Amino acid sequence: MLRLVLSLVLLDPAGVTDVAQRSVPVPQVLTPDGDRLGYAPVPRPYTGARRLTGVLLGHDPVTRTDVWCGGAIIGSRSRSLVLTAAHCLYHDGRPLKRLVFMPGFDRGNPRHGVWSAVRTWAPDRWRANPDSPDVLPYDVGLVGVVKGRRPLEDVVGQGLPPLRTSRGAELRGLELLGYPAGKRYPGTQMYRCLGDAVEGSTVGPGVMVTRNCHAAAGGSGGPVLYGDSVAGVVSSSSPLSDTDGYTVLARLGGTTFDRMFTRADESMRVRKPG
């Protein structure tokens, strides 16, 4: 079983910033036509869970940096929530401004509109020490979005049902979706990677680790699909000391996520449209 170490390199969510990319051994690439990181472009048109996946874009006014991540619509009673990684909501410890979500984003085209964030949620444990590998199990965030008077799910489609797993659960046949940017990736096109995941931490709800995929910068926050459900989000890349690439996935599970999800859903339900 893989254990996380202090040399873990977190993905920089800024699309313009590259990260060290470690190739996945060829026999471990499960994605048809997958590249050296295990990823391949998603065929068009984007349907199903891919239609619900998109780009989360925010701005840090201090450094004038635009921060680029993935996200996906998660099913909720408010019908207005986007799932992403907690670190995708911040830059250098500062909350991002002018945060928007663009579902089904493709080659510069926000096919299902631009949805403005009105509130974000991240676990207190993650915000207290975001640079520590001990908080990787809590690298999950939520975004409440609005656009006009109709909720997000009414316009784009029913959100992904969350699959809550506990520490130790190992899942095979996962699909990671996102918008990698930088070297060899345009940042404006959805990519996918197929992988199997094992447990990677003994902290809190734990994390899943797949050695079949190595997410590049910009790919953070994208959904981790298991069948028709979302089991987690793409969190971070492999340790510097590791010669092969792998990806850490923050799972949906434990009381921390459940409480955050309940608070976010209730908050968006009582919010008046328009």
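Biologist: Is H112 buried or exposed?

Modeller: H112 is buried, with a relative accessible area of 18%, where buried means under 20%, exposed over 50% and partly exposed in between, using a 1.4 Å probe and protein chains only. This is a predicted model, in which local features need pLDDT of at least 70 and side-chain atom pairs count only at pLDDT 80 or more, while totals for chains, interfaces and linings use all residues. Residues are numbered from 1 along each chain as its sequence is written, and side-chain values use heavy atoms, with hydrogens and water left out.

Biologist: Where is H112 placed, and which residues is H112 in contact with?

Modeller: H112 lies in the loop between β7 (97-103) and β8, strands being DSSP runs of E with at least two residues, numbered from the N terminus. Leaving aside neighbours within four places in sequence, H112 is in contact with R51, P103, G104 and V156, contact meaning heavy atoms within 4.5 Å.

Biologist: OK, and what does β8 pair with?

Modeller: Strand β8 (residues 115-121) pairs with β9 in the antiparallel sense over five bridges, and R119 has G144 in β9 as its bridge partner; pairing requires that DSSP finds at least two bridges between the strands.

Biologist: Which other strand is joined to β9?

Modeller: Strand β4 (residues 81-84) is joined to β9 by four bridges, and the two run antiparallel, with V82 standing opposite V143.

Biologist: How many residues of β9 are buried, then?

Modeller: In β9 (residues 141-146), five of the six residues are buried, and across the 274 residues of the protein 56% count as buried.
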